[in-house]
Amino acid sequence: MRSSMALRLALLASALLGAAGIKVTVNVGAKEKKCYGEQAAKMELLVVELSTSEDSKVGVTVLSPHATIFSEHDRATVKTAFTTTDAGPHWVCIQNDESKPAEVLLTVLLGPEAKDYSQIAKKEHLEDSQVALRRVEESLRNYHSNVLYIRAREERMRQTNDSTASRVIFFCLFNVVLMIGVGGWQMLYFKRFFRSKKII
């Protein structure tokens with residue numbers, strides 16, 4: 001009873017948190033490049049799998065927010081896994097250098113979806129409910145990490161916004177003072193000019 005309740009709770013939490021990753025079939029035209037992105041937290045496992053139909057060969061590049069992580073050219077199948085070092089969007093770009101279009105099956109798995117829990121269950125002798133709870137725990141950890149990343153990003157944006165607003169206010173006040181100063185100088189100049197011409 002207790003393990004079935006834990007399994008239900010785990011399934012409900014994993015359904016609420018959703019699966020992280022994409023699996024798409026992509027038609028890449030001749031001499032064309034297509035990129036697909038996925039938001040990843042820092043220190044998160046990312047697995048990229050790619051296979052082409054009809055033995056077409058394509059190039060694959062995986063980009064982090066700041067650098068190129070992985071690059072392979074003229075491959076029919078590619079599988080790579082790595083742990084992210086930066087939070088933010090990670091891009092998978094497929095480049096078809098051939099003269100004919102290529103159909104590519106692209107799978108990008110992220111976080112708990114990228115881990116092979118069957119191997120973990122065998123190694124640690126875990127039951128299905130324990131594996132499900134482990135998966136939910138990992139999902140919650142990744143969710144929390146993403147929330148912290150979004151909060152830090154929002155704080156940076158707020159600081160940028162406040163800085164820009166204070167600069168705009170300073171510029172407006174400078175313009176007002178400059179206009180008043182130029183207006184006063186203009187009045188004095190015209191007053192002197194008209195006195196010198198004996199109009200006033």
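The structure shown is a predicted model.

**First stop: the nonpolar core**

Select Leu-50, Val-58, Val-92, Ile-94, Val-104 and Leu-106. Within the largest nonpolar core, which has 19 residues, these six touch the most other members. Next, colour the strands that give two or more residues to this core: strand 1 (21-28), strand 3 (45-52), strand 4 (58-63), strand 6 (77-83), strand 7 (88-96) and strand 8 (102-110). Which of these strands supplies the largest share of the core? Strand 8 does, with five residues.

Now centre the view on Val-104 and display its surroundings. With neighbours within four places in sequence set aside, which residues are in contact with Val-104? They are Val-24, Thr-25, Val-26, Val-28, Leu-50, Ser-51, Thr-52, Val-58 and Ile-94. Two of these contacts, Leu-50 and Ile-94, were also part of the opening selection.

Turn next to the charged side chains. Side chains of opposite charge can pair when their charged atoms come close. How many salt bridges does a search of the whole structure find? The search finds seven, and the tour visits some of them.

Select Arg-158 together with Glu-154 and Glu-155. Arg-158 forms a salt bridge with Glu-154, where the closest N and O atoms are 3.4 Å apart. Arg-158 also pairs with Glu-155 in a salt bridge, here with 2.5 Å between the closest N and O atoms. Along helix 3, Glu-154 lies four residues from Arg-158, a separation of about one helical turn. Glu-155 is three residues from Arg-158 in helix 3, again about one helical turn.

Is Arg-158 buried or partly exposed? Arg-158 is partly exposed, because its relative accessible area is 38%. Glu-154 is likewise partly exposed, at 37%, and Glu-155 counts as partly exposed at 34%.

Select Glu-137, Glu-138 and Arg-141. Salt bridges that share partners join these three residues into one network. Within it, the side chains of Glu-138 and Arg-141 meet in a salt bridge, at 3.0 Å from N to O. Both residues belong to helix 3 (residues 128-196), where they stand three residues apart, about one turn of the helix.

Finally, compare the accessibility of this pair. Glu-138 is buried, since its relative accessible area is 14% and the cut-off for buried is under 20%. Arg-141, at 44% relative accessibility, counts as partly exposed.

Note on methods. Residues are numbered from 1 along each chain as its sequence is written. This is a predicted model: local features need pLDDT of at least 70, side-chain atom pairs count only at pLDDT 80 or more; totals for chains, interfaces and linings use all residues. Side-chain values use heavy atoms; hydrogens and water are left out. A salt bridge is a side-chain nitrogen of Lys or Arg within 4 Å of a carboxyl oxygen of Asp or Glu. Buried means under 20% relative accessible area, exposed over 50%, partly exposed in between (1.4 Å probe, protein chains only). A nonpolar core is a set of buried Ala, Val, Leu, Ile, Met, Phe, Trp, Tyr and Cys residues joined through side-chain atoms within 4.5 Å. Contact means heavy atoms within 4.5 Å.
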